[in-house]
Amino acid sequence: MRAGIGRRSLQYLFAYLFVLVALYPIVLMVSSSVKTNVEIFTSPLALPKTFSLDTYRKLWEVVPFADFLMNSVVVSVTSVLLITVTSAMAAFYLARFSYRWTGLLYFFFLLGLMIPIKLGIVPLFLLMKKLGLLNSLWSLILIYTASGIPISVFILTGFFRTLPVELEEAARIDGCNHFQVFWRVLLPLIRPALGTVVIINFIHAWNDFFFPLIFIQDEALKTIPVGMMVLFGEYETDWSLLFAGLTLSALPMIAVFLMASRQFMEGLTAGAVK
């Protein structure tokens, strides 16, 4: 009995230490956003002596942060929506229909995991130029969608295959067609996998610096990672403004994670089939 209590206490201790280590950088970022540059360099690990939101107000005045934020939201949300819809339908087809070309089609999606998309930056640049999408948010949306579909199909296909076939058969007996089986029966049951897909692809699209740097030149179309580069000066950098921008840019990611992570606890199929 005492051994069990000691083991559980040790587990809680490690869990609390892990939470402390994981949250400390976030606390440090938020506290640094309300400090002055002098405080950041003289006492970087201490709490701010005075609390003021002037840094956040100054951030909106110095840089067009509202434009950067809106561009990031449009690109990330649109990309995640396209990835989720396309990947869910493709995964349903690969998991529930068996044809001669199904295995080859699944391998085609897996090739997207094996080949880094950044190796094709020159062909992508030429393709976007021919399509007239350079310096457009659609260039980023299409690239993020194409790069996010392979891993999403891989995750969702495996999850679809774990669902009982009896659920689908019962729905077909009740008169459901393929789309109704997919939309009304199976899709609600894969919410944990959909939450994983949303989190992975949203974070990738939101934090990406490489593709916006290559395909976007207009200042009004830049996303947050590239737009925040204007705060880095050649001889001086306002670190308090930079930390304020990082704090604001992290809030949507945290919100999406908290909303999507709840799906891991839902959509369980236990007891659905007797």
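The following exercises, each with a worked solution, concern a predicted model.

**Exercise 1. The packing of α4 and α5**

Task: Determine at what angle the axes of helix α4 and helix α5 cross, and which residues make the contact.

Solution. 
- Step 1. Two packed helices are described by the angle between their axes and the distance between the axes.
- Step 2. Helix α4 covers residues 65-96 and helix α5 covers residues 102-114; their axes come within 9 Å and cross at roughly 140 degrees.
- Step 3. The crossing in which α4 passes α5 is left-handed.
- Step 4. On the side of α4, the contact is made by Ala90, Tyr93 and Leu94, while α5 contributes Thr102, Leu105, Tyr106 and Phe109.
- Step 5. Sorted by class, this contact consists of six nonpolar residues and one polar residue, with no charged residues.

**Exercise 2. The surroundings of Leu137**

Task: Decide whether Leu137 is buried or exposed, and list the residues that Leu137 touches beyond four places away in sequence.

Solution. 
- Step 1. Leu137 lies in helix α7.
- Step 2. Leu137 has a relative accessible area of 14%; because buried means under 20%, Leu137 counts as buried.
- Step 3. Leaving aside residues up to four places away in sequence, Leu137 touches Asn71, Val74, Val75, Ile216 and Leu221.
- Step 4. From Leu137 to Thr84 there are 53 residues in sequence and 19 Å in space, C-alpha to C-alpha.

**Exercise 3. The two largest pockets**

Task: For the largest pocket and the second largest pocket, find the volume and the element that gives the most to the lining.

Solution. 
- Step 1. The largest pocket has a volume of about 420 Å³. It is lined by 16 residues, of which Gly112, Ile115, Ile117, Ala146 and Pro150 are the closest to its centre.
- Step 2. Two or more residues of that lining come from each of α5 and α7, and α5 gives the most, with five residues.
- Step 3. The lining of the largest pocket comprises 11 nonpolar, three polar and two charged residues.
- Step 4. For the second largest pocket, the volume is about 280 Å³. Its lining has 15 residues, with Val80, Leu81, Thr84, Val85 and Val198 nearest the centre.
- Step 5. The elements that supply two or more residues to this second lining are α4, α9 (178-186) and α10 (191-207); α4 gives the most, with seven residues.
- Step 6. By class, the lining of the second largest pocket has 14 nonpolar residues, one polar residue and no charged residues.

**Exercise 4. The enclosed space**

Solution. 
- Step 1. Rolling a probe the size of a water molecule over the atoms shows where empty space is left.
- Step 2. Divided by class, the lining of the largest cavity has six nonpolar, three polar and one charged.

Note on methods:
Residues numbered from 1 in each chain as written. Predicted model: local features only at pLDDT ≥ 70, side-chain atom pairs only at ≥ 80, totals over all residues. Heavy atoms only, no water. Axes fitted to C-alpha atoms, helices over the stretch in contact; angles between N-to-C directions. Helix = DSSP H or I, 4+ residues; strand = E, 2+ residues; numbered from the N terminus. Left-handed = near helix turned anticlockwise from the far one by under 90°. Contact = heavy atoms within 4.5 Å. Nonpolar A, V, L, I, M, F, W, Y, C, P; charged D, E, K, R; others polar. 1 Å grid on protein atoms, 1.4 Å probe; cavity = no way out; pocket = protein on both sides within 12 Å on 5 of 7 lines; lining within 4 Å. Points joined across faces, edges and corners; volume = space filled by probe spheres on them. Buried < 20%, exposed > 50% of the residue type's maximum accessible area, 1.4 Å probe, protein only.
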